[in-house]
Amino acid sequence: MIVGMDKSDPGIAQGLQGVYFTESKISDVDGVNGKLYYRGYSIESLAKNSTFEEVCYLLVEGKLPSRREFLGFDRQLRSERQIPKPILGIIDEMTGRAHPMDVLRTAISALPAYDKDAYVETREENLRKSISLISKFGSITAAIGRRMSAKKYVRPDQSLSHAANFLYMLNGKKPTEKQAKVLDLMLILHAEHSSNASTFSTLVTGSTLADLYAAITAGVATLKGPLHGGADEAALKMMREIGEPENTERYIEDALGKREKIMGFGHRVYKTYDPRARIIRSTLEELQKSSSPEVRKLTEIALREEKMMIEKLGKSRGIWPNVDLFSGPVYTSIGIAPDLFTPLFAVSRIPGWCAHMLEYWEHDRLLRPLESYTGPLDIRYVPIGKRS
Ligand code: SDX
C-alpha cells in the first residue's frame, strides 16, 4: 500500500515536520542533544581545527583530504574566482535596485552561459561545477558588497585564503589575520545543515534532473526568507530597533504579546541550544575587547534577549537561540553590512547544497509529495453568458 494514498486519512505532516524523505551520510543534526556532525566530525572539532576550504572538501568528497589532495583542491578553488565580465554588468545593473540576495541569485543563474560544460551531468563535471560555484559565490558576493558601497570592483587575490580574499575583494584592503579567522569560522559553522529548507529546495529542483546551476539557484532563492537564512539580517534589525540594552526586555515582552517571532530563536529540529550559536556566542565574547561601542551594545542586547527568551520559552517551549542570534554582531565586528549577511550565509552553504545534490543524484528519485484535496468535485460548467 503506498503511504498517503488513503484519501480518507491522508495523515498530513504540516511543513513535512518529522518526515524522513531520504538517507544521507553528509551531516547529522541531533535536535535533542544539540549536536551537529559533518561527515562524522563534530562541529566543535571542525571549528577548532579545520578551515572552510578543508570543510568544503570534506562535505563534497566525504573525507578529510591528504595534503596533496588539499593543495590540488585549494588551487582549483583559487583558480575559479574570476567573475565573467557580463556578470559584473548584472551586479552593476541590479545593485541598489534589488536586495543583494536577488542580485546574487540572478548572477548565479547566469553562470551557465559562461561554462561550456554547464549541462554535462557526469559526477566529475558536477564536482568541477561545485568547486567553481564555491569559489564564485565568494567573489560574486564580495563584488555585490563592493558595489553596494559604490566602489570599484576589486579583482581576486590568488595568494589569499577564501575568507581573506572575500574580505579583500569587499573592502579593497587585506584583512587582519584575526578578521580572516573569524570569517573562516563563520563559513565553517554555516556550511551544512542536513535537509533545511534551502537544501531541500535544491534537491527538489535537482530531482527533476535539472542541472546543478538550476538546483543551486533554487537553493539561493529559498535561503532568502526571514524564517530561514534571512533571520540573521532580521535579528540584527530587531537589535537595532531595541536600540539600548535597557529596552530589551520590554521590546521582547511586547513582541511576544503580539505573537511576533523573535528572530534568532527557535528551530524546526533543535529543541535545545543550537551548538553553532554556542560557538558564535563565545567568539563574540572573545571579540568584545577589540570591538567598537556599537558591537558591544549589540552584544549586550543579544545576551539580554538570550537570557529572557531562555527563561520564558526555552525550557517550556523548546525555543532556544539558533545560529542567527549572535551572527549579526560578529559580522558587524568585521565590517559586513546587514543586507550582506544572508548572501554570506549562501557563501557558506554552497558546499552543503552541492554535497547533497551530488549524493542525491547517486540514487535520484523525483521528489513529488501529495496534498489532500479538500475542494468540491464535478461542478456543472455554466457558460460565461449565463453566469450571474
Ligand atoms: C535557520 O532548518 C535548518 O536547519 C535551518 C538552519 C540551517 O542551518 O539551515 O538552521 C538555519 O534557518 C535557523 C532558523 C532561523 N529562523 C529564525 O530565527 C526565525 C524565527 N524562528 C521561527 O520562525 C521558528 O522557530 C522557525 C521557523 C525557525 C521554526 O519554526 P517551526 O518549527 O515551524 O515552529 P512554529 O513556527 O510552528 O512554532 C511553534 C510555536 C509557535 O507558537 P504556537 O503558534 O504553537 O502558539 O513556537 C512559536 C510559534 O509562534 N515560536 C516562536 C519562535 N519560534 C517558534 N515564538 C517566538 N519567537 C520565535 N522565534
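1. Leu16 is partly exposed, because its relative accessible area is 40%; here buried means under 20% relative accessible area, exposed over 50%, and partly exposed in between, with a 1.4 Å probe and protein chains only. Leu16 belongs to the segment before β1 (27-30). Leu16 is not a glycine, yet its phi is positive, about 55 degrees. Most residues other than glycine have a negative phi. Helices (H or I, at least four residues) and strands (E, at least two) are DSSP runs, numbered from the N terminus.

2. On the basis of this note: the model is predicted, local features need pLDDT of at least 70, side-chain atom pairs count only at pLDDT 80 or more, and totals for chains, interfaces and linings use all residues. Residues are numbered from 1 along each chain as its sequence is written, and side-chain values use heavy atoms, with hydrogens and water left out.

3. Ala150 sits in the loop between α6 and α7 (162-171). Ala150 counts as exposed, because its relative accessibility is 64%.

4. The secondary structure of the chain consists of 16 helices and three strands. The radius of gyration, taken over C-alpha atoms, is compared with a globule rule of 2.2 Å times the number of residues to the power 0.38. For 388 residues a compact globule would have a radius near 21 Å, and the 22 Å of the chain agrees with that. Along the principal axes, the C-alpha atoms fill a box of roughly 70 × 55 × 50 Å.

5. Of the 388 residues in the chain, 51% are buried. The chain exposes about 19400 Å², and carbon and sulfur atoms supply 54% of that area. These accessible areas come from the Shrake-Rupley method with a 1.4 Å probe; for residues, only the protein chains shown count as cover.

6. Contact means heavy atoms within 4.5 Å. Among contacts between residues at least 6 apart in sequence, 74% join residues at least 24 apart.

7. The chain has 54 positive and 49 negative charges, and their mean positions are 3 Å apart. Lys and Arg count as positive and Asp and Glu as negative, while His and the chain ends are not counted. The place of a charge is NZ of Lys, CZ of Arg, CG of Asp or CD of Glu.

8. Two domains are assigned: domain 1 (29-225 + 340-363) and domain 2 (231-333). The contact between them takes 26 residues from domain 1 and 24 residues from domain 2. Their C-alpha centres lie 26 Å apart. The bounds come from an automatic or database domain assignment.

9. Val269 is in the loop between α12 (248-257) and α13 (275-287). Val269 is partly exposed, given a relative accessible area of 38%. Not counting residues up to four places away in sequence, Val269 touches Val29 and Gly31. Val269 and Asn49 are 220 residues apart in sequence, and their C-alpha atoms are 26 Å apart in space.

10. The loop between α5 (100-110) and α6 (123-148) holds Ala113, and Asp117 is found in the loop between α5 and α6 as well. Ala113 counts as exposed, because its relative accessibility is 62%. Asp117 counts as partly exposed, at 23% relative accessibility. Ala113 and Leu183 are 70 residues apart along the chain, with 31 Å between their C-alpha atoms.

11. With residues up to four places away in sequence left out, Asp117 touches Glu125, Arg128 and Lys129. Asp117 and Lys129 are twelve residues apart in sequence and 8.8 Å apart in space, C-alpha to C-alpha.

12. Asn165 lies in helix α7. Asn165 is buried, because its relative accessible area is 3%. Leaving aside neighbours within four places in sequence, Asn165 is in contact with Arg81, Pro156, Asp157 and Leu160. Between the C-alpha atoms of Asn165 and Arg155, ten residues apart along the chain, the separation is 9.5 Å.
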